[in-house]
Amino acid sequence: MDKKRAIKLVVLCVATLACVALALASPFEGLDANGMHFLAIFIWWIVMMVLELVPTHISSLIACTLCLLFGTGDTAQVFGQFGSSTVLLLLGAFGLAAGLSNSGILKRIALLMVKYAPKNYVGQMIVFELANTLITPWVPAAAAKQAIMVPIANDIADQLGFKPHTRPYTGFFSIIVIASLIFGSCFLTGNGSVAIALGFMPDGITWTGWAGNAIVYFIVSLVLFTVFFIFWHRPKTADSKDANPGAILDSCNRQLAEMGALRGKELFALIVLLVAIVGFVAGSNFGIPSHAVALTAWLLLCVSGSFKPQDFSTRLMWPIVIMIGCILGMVTLLSTTGVAAWIAKLCAPVIIPLTQQPLLLVLLLAILMIGLRFAMVSATVMMALVSTMLAGTAIDPFVYLFVITVSGMSFLLYYQNPTVIGALGMTGGKVEQKDIYATGAAFIVINLIAIAVSVPYWQMLGLLG
């Protein structure tokens, strides 16, 4: 056993004994014995997520099971949320994404856009960014989007003659990272981390509701990152060698020829995608919920064969589904046991003044989350704590959950974001962490600017009380 794990086990033992003592102590004012038991389990759950001795979905499942064992809630309260609209939406979204990826339609869309784009850095960069932006709302798994787009990015950069590790070469990779993580977070089905945020929203939110609330952040970050990519990553003479822009067209044509004509499963997948987009955007006008749209689209891809039987065990992101079901159960118990109200009252002297200054509040949350990522504290932990502290305020949960979600994407240092590490591996060593330091720093600055600009918009929507 390594020293780091041994220290974590010691901390867990101490925390466990402290939580047991808390559960057996006389109830605090405002709580009964049941509330004290849940408070102890809740604190233990937070410690487990911070220590990460086991995956978060396992620690969440353990916490829910403890709640059931010690009677802090019944089966319906603890595990009933596994049948909620939120969990069903995620299942449908994950299934839809896997089916679309299997069909090849997303790759075809990207190749066609690259094929007809101007064969120079700025033209290819803008179109490639647009292609990533169009694809990202429909694939929650960042790794899946990267698996589609990284090989295309490598091919574009190589054919334009850019040397590995140069700014323009790194620029195409950076576009994928920003689109899959940051732009994807602006859509309910665009990033797995959004799914975790949904776990702390027991009342749920529609697809258009999330996108509408995030639209200002999305536009500001899209514009600023485009400017960053154009100017910071603009190629210099020394960055290029043996350029052959015409080979981009040849490469696209070759890959499209290998894919064949648009027909069969791929054509059907395109139709399903278009219908799903219409359903997500306009379904609420006809009383059709987002989860029904996602499930229907997924099942259509199952029937067509784009979603294969083996995908049920490998492509539905079950750890996230389990974690969200458990988080929703814990959030339910936070309310029914009175712990949420007790914590909110305890934090009121600090929180209430901050709610009167929404710009300061959201920027503090963003900066705190960015800082915590250097210590590898997950966004899930932050969401659990902040959701509890702000439960009694007039601030809509979307605001603080969205701010925490996007700010938790920080990747300035190598160890901070596993998704980026995986994407770097897909480049075959042509892009390394040192090459994307500037992009990581730009993200921190642009994220704070986009959040600040969003505040007046959120106030206009009434999300900040």
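Tutor: A residue is called buried when its relative accessible area is under 20%, exposed when over 50%, and partly exposed in between, with a 1.4 Å probe and protein chains only. By that criterion, Trp 298 and Phe 307 are both buried. The model is predicted, so local features need pLDDT of at least 70 and side-chain atom pairs count only at pLDDT 80 or more, while totals for chains, interfaces and linings use all residues. Residues are numbered from 1 along each chain as its sequence is written, and side-chain values use heavy atoms, with hydrogens and water left out.

The structure contains 27 aromatic pairs, a pair being two rings of Phe, Tyr or Trp (its six-membered ring) whose centres lie within 6.5 Å; planes under 30 degrees apart are stacked, over 60 edge-to-face, and the rest tilted. The pair formed by Trp 298 and Phe 307 is edge-to-face, because the ring centres are 5.6 Å apart and the planes stand at 80°.

Elsewhere in the list of rings, one aromatic cluster is formed by Trp 138, Phe 183, Phe 187, Trp 207, Phe 218, Phe 225, Phe 228, Phe 229, Trp 232 and Phe 280. Trp 232, a member of that cluster, also has the charged end of Arg 167 over its ring, 3.5 Å from the ring centre. Here "over" requires NZ of Lys or CZ of Arg within 6 Å of the ring centre and within 35 degrees of the ring normal. Arg 234 likewise places its charged end over a ring, that of Phe 231, at 5.8 Å from the centre.
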